[in-house]
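Okay, everyone, thanks for coming. Let me put the model up and walk you through a few spots.

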Amino acid sequence: MSFRKEKKFRLSKFEFDVLKNKLLIKGMQPLYNKRIINSLYYDSELYGMFKDSEEGLLPRKKVRIRWYDDISKATFEIKISSNEGRYKKTSLLNISSESTLPTNFFDTNYGVITPSLFVSYVREYFLFKSMRITFDSYIKYINYRQSQSIEYKDGECVVEVKVSAEVSDDYIESMLPIPTARFSKYSRGLLISNYEM
């Protein structure tokens, strides 16, 4: 299991575009083609994972199903935050369409978990000075526990740096001298959609 460090930068669309252009001029290189990412998050009836995330408790986790263009290649992911760092467990699922997405799972910490929030966004992948940097924009949310399927658009974007746990914060800050910020798409989506317990 390899732990990684993640730093997030919360930006307006204008700031997002300016930063991307500055880093491209400094030598940032595309890593993969940009694509749309879809995630369906699961949580307990009383939103235990959301609450743990908001409180910053450790250890905590997020459970989601993620897919790109082809839902038949969807993966089941558990993102775990611990005192040692963050890591992700991933396994392939056998899903043919959105209508066949699982309606629940059992989690040893949170009990029965059901779909709570759908998140979709455009992601661009880059490599800069041995750092993997992703640029996420056009973020949209649908709260699965509301009676109506309303799409909520996020007015902000997020840039995320992912490096091995050994890379120092000072090094990251010297490459991207802007303030870091918390940006959990899951938490933001629930708050923006006025989730109800």
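So, which strand does Tyr32 lie in? Tyr32 is in strand S2, residues 29-43; strands here are DSSP runs of E with at least two residues, helices are runs of H or I with at least four, and both are numbered from the N terminus.

Quick housekeeping: this is a predicted model, where local features need pLDDT of at least 70 and side-chain atom pairs count only at pLDDT 80 or more, while totals for chains, interfaces and linings use all residues. Residues are numbered from 1 along each chain as its sequence is written, and side-chain values use heavy atoms, with hydrogens and water left out.

Next stop, Arg60, found in strand S3, residues 60-67. Arg60 is buried and has no salt bridge. Buried means under 20% relative accessible area, exposed over 50%, partly exposed in between, with a 1.4 Å probe and protein chains only. A salt bridge needs a side-chain nitrogen of Lys or Arg within 4 Å of a carboxyl oxygen of Asp or Glu. The nearest side chain of opposite charge, Asp52, sits 7.7 Å away; Lys and Arg count as positive, Asp and Glu as negative, and His and the chain ends are not counted.

Look at Pro59 too: the peptide bond from Leu58 to Pro59 is cis, omega near -10°. Pro59 is in the loop between helix H2 (48-55) and S3.

Last, the loop between S7 (111-128) and S8 (131-143), where Lys129 lies. Phi of Lys129 is near 50°, and Lys129 is partly exposed at 46% relative accessible area. Ser130 is in the loop between S7 and S8 as well, with phi near 70°, and counts as exposed at 63%.
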